[in-house]
Amino acid sequence: MGIPTIVLSDVFGCTPAFRELAGALNADKLISPYSDNIYFTDENQAYTYFVEHLGLEQYLAAVQQELSAYSLVNIVGFSVGASVLWRLTAGPLASRVNTAIGVYGSQIRHYLTNRPQCRIHLLLPSVEAHFDLDQMSRSLVVFEQVTIHQTQYKHGFMNQYSTNFTQAGYQMYLAQICDMLRPTNTHE
């Protein structure tokens, strides 16, 4: 049996489209900031609910609790899920992470001093409206564990409910993420 894959959702939660994406990634487990029956298709509602009812710390704690059941996993995180993954790679559970892939994790910018203890691949958008993405990238490339790829697409390009969803980007990066998750590309 191979290494299980966990997929961390963005603030939209486990929408039908996200479940489809996780299925394409052969995910063994999906983790959302919310219970399974709560998800959003509107970006503003999703963000507002996440900020008012949960937050990054609570999402991180839930992921840490889930991860404690595994000895070794692959994790793919999207948006706030990627930011949670970034925090996780600098903590005591990082030794359980085989492959870490974070897709447009904008909140990483608040944790630039975190030192990843395992390899993490970051797929960044072309631009971020609220901060200097290039400056964030320059701060992260100093860590040998970090690989950064800046895409030509905007934040949310893999989320079918995002105004920035791009079918071409979705297909291209879905294939790349699947390739990164293949057993021949993992490390021990």
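Start by selecting phenylalanine 78: this residue counts as buried because its relative accessibility is 2%, under the 20% limit for that label. Keep in mind as you explore that the model is predicted.

**Stop 1: a ring pair**

A search of the whole structure finds twelve aromatic pairs, and phenylalanine 18 with phenylalanine 78 is one of them. Their ring centres are 6.1 Å apart and the planes make 85 degrees, an edge-to-face arrangement. Which parts of the chain does this pair tie together? Phenylalanine 18 belongs to helix α1 (residues 16-24) and phenylalanine 78 to strand β3, so the pair links parts that lie 60 residues apart in sequence.

Together with Phe18 and Phe78, they make up one aromatic cluster.

**Stop 2: another pair, and a charge over a ring**

Select tyrosine 34 and phenylalanine 40. Their ring centres are 5.5 Å apart, and the pair is edge-to-face because the planes stand at 75 degrees, over the 60 degrees needed for that name. Are these two residues buried or exposed? Tyrosine 34 is buried at 7% relative accessibility, and phenylalanine 40 is buried at 13%.

Then move to tyrosine 111. Arginine 87 lies over the face of this ring, 4.3 Å from its centre.

**Stop 3: the sheet**

Switch to a cartoon view and colour the strands. You will find six of them in an open sheet with parallel pairing, in the order β2-β1-β3-β4-β5-β6. Which strands stand at the edges? They are β2 (29-31) and β6 (146-150); each has a single partner strand, so one side of each has no neighbour in the sheet. On average, neighbouring strands here are turned by 15 degrees against each other, direction ignored.

Zoom in on β5 (residues 120-124) beside β6: the two run parallel and are joined by five bridges. Within this pairing, leucine 124 stands opposite glutamine 150 of β6.

**Stop 4: helices on the sheet**

Select residues 56-67 to see helix α3, which packs on the sheet. Helix α3 touches β1 (5-8), β2, β3 (73-78) and β4 (97-103), and its direction makes about 160 degrees with that of β2.

Technical notes:
Residues are numbered from 1 along each chain as its sequence is written. This is a predicted model: local features need pLDDT of at least 70, side-chain atom pairs count only at pLDDT 80 or more; totals for chains, interfaces and linings use all residues. Side-chain values use heavy atoms; hydrogens and water are left out. Two strands pair if DSSP finds at least two bridges between them. Helices (H or I, at least four residues) and strands (E, at least two) are DSSP runs, numbered from the N terminus. Axes are lines fitted to C-alpha atoms, for helices over the stretch in contact, and angles run from 0 to 180 degrees between N-to-C directions. Contact means heavy atoms within 4.5 Å. Rings of Phe, Tyr and Trp (its six-membered ring) pair if their centres lie within 6.5 Å; planes under 30 degrees apart count as stacked, over 60 as edge-to-face and the rest as tilted. Buried means under 20% relative accessible area, exposed over 50%, partly exposed in between (1.4 Å probe, protein chains only). A charge sits over a ring if NZ of Lys or CZ of Arg is within 6 Å of the ring centre and within 35 degrees of the ring normal.
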